Amino acid sequence: MGFGLLFVGYFFANLMPIFTPLGFTKLVGYPMMLLAFRRLRAYCPRFRICFYAGFAALPFAVYYTYVALLALKVPGAPIPAGVGTVIEWAYFAFFIAFELLLLWVIAGFSKELHHLRTATAATRNMIFVGMYAALYLVCNILDAAGVSGVRYFYLPLLLLRLFFLLLDAWLIFQCYRDICPAEEEQIVLTEPEDDGKEENDEKK
């Protein structure tokens, strides 16, 4: 169906790059997520939005791959501080928006299939993403204003990010496990056609 591929892609795109030297995995993860969205849009048209929005991640994936190579001591020109700051803030905005979009789509898709527990989990994860975004912005504003002691909040922020990323990965795995197991994909795809054929047979 596509959720298995989405799970692997999400892991490479978001969990592994928490460690800067592994930032190059974004260049693997985001294309895998795009392929997963392409498959999933056949089941839920809203995944089409994720598919097109996901292309915006590719330039960021290239940037973070270059940053990872520099962190691994691969020879290369350093990135000017101003340019890096602008790109990283742009990626932060994209990352939060894309996370919320993906969770919104999963919540709606789950409700349509009456998987209310999955829909509730997706809504809960959206709250955690919003909390992280708000706290991250506050900490950076205070840090820029020269407030002392703000740096002590960056480790809890990192742990909060890791927490909701793990929750999102688990949510995607639940979709893979519960919504459409691999062995049932063909059944789900062919059910509407079979019903139509049975109706035609009865009329004949």
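This is a predicted model: local features need pLDDT of at least 70, side-chain atom pairs count only at pLDDT 80 or more; totals for chains, interfaces and linings use all residues.

Mentor: A polar contact is a pair of N or O atoms within 3.5 Å, and within protein one of the two must be able to donate a hydrogen and the other to accept it. Such a contact, at 2.8 Å, links the side chain of asparagine 125 to that of aspartate 168.

The chain as a whole comes first. Its 204 residues are 37% buried, and its secondary structure consists of eight helices and zero strands. Of the contacts between residues at least 6 apart in sequence, 72% connect residues at least 24 apart. The chain has an accessible surface of about 11600 Å², and carbon and sulfur atoms account for 68% of that area.

Helix α5 spans residues 81-112. One of its partners is helix α2, residues 26-40. Two packed helices are described by the angle between their axes and the distance between the axes. For α2 and α5 the angle is about 30° and the axes lie 15 Å apart; the crossing is left-handed. On the α2 side the contact involves Lys26, Tyr30, Met33 and Phe37, which meet Tyr91, Phe94, Phe98 and Leu102 of α5. By class, these residues comprise seven nonpolar, no polar and one charged.

Tyrosine 30 belongs to helix α2. It counts as buried because its relative accessibility is 2%, under the 20% cut-off. Beyond four places in sequence, tyrosine 30 touches Tyr91, Phe94 and Phe98, and also Ala13, Asn14, Ala57, Leu58 and Ala61. Its C-alpha lies 9.9 Å from that of valine 8, with 22 residues of sequence separation.

Serine 110 is also part of helix α5. With a relative accessibility of 0%, serine 110 is therefore classed as buried. Its side chain reaches the backbone oxygen of isoleucine 106 at 2.7 Å. Once neighbours within four places in sequence are set aside, the contacts of serine 110 are His115, Thr118, Ala119 and Ile179.

In the loop between α4 (57-71) and α5 is lysine 73, whose phi is positive, near 70°, although the residue is not glycine. Lysine 73 counts as exposed because its relative accessible area is 73%, over the 50% limit. Histidine 114 is located in the loop between α5 and α6 (116-144). This histidine 114, likewise not a glycine, has a positive phi of about 65°. Its relative accessible area of 69% is why histidine 114 is classed as exposed.

The account now returns to asparagine 125, which is situated in helix α6. Its relative accessible area is 0%, so asparagine 125 is buried. Apart from neighbours within four places in sequence, asparagine 125 is in contact with Leu103, Leu167, Asp168 and Leu171. Among these partners, Asp168 is the residue whose side chain forms the 2.8 Å polar contact with the side chain of asparagine 125.

How values were computed: Residues are numbered from 1 along each chain as its sequence is written. Side-chain values use heavy atoms; hydrogens and water are left out. Helices (H or I, at least four residues) and strands (E, at least two) are DSSP runs, numbered from the N terminus. Buried means under 20% relative accessible area, exposed over 50%, partly exposed in between (1.4 Å probe, protein chains only). Contact means heavy atoms within 4.5 Å. Accessible areas come from the Shrake-Rupley method with a 1.4 Å probe; for residues, only the protein chains shown count as cover. Axes are lines fitted to C-alpha atoms, for helices over the stretch in contact, and angles run from 0 to 180 degrees between N-to-C directions. A crossing is left-handed if the near helix is turned anticlockwise from the far one by less than a right angle, and right-handed if clockwise. Ala, Val, Leu, Ile, Met, Phe, Trp, Tyr, Cys and Pro count as nonpolar, Asp, Glu, Lys and Arg as charged, and the others, Gly among them, as polar.
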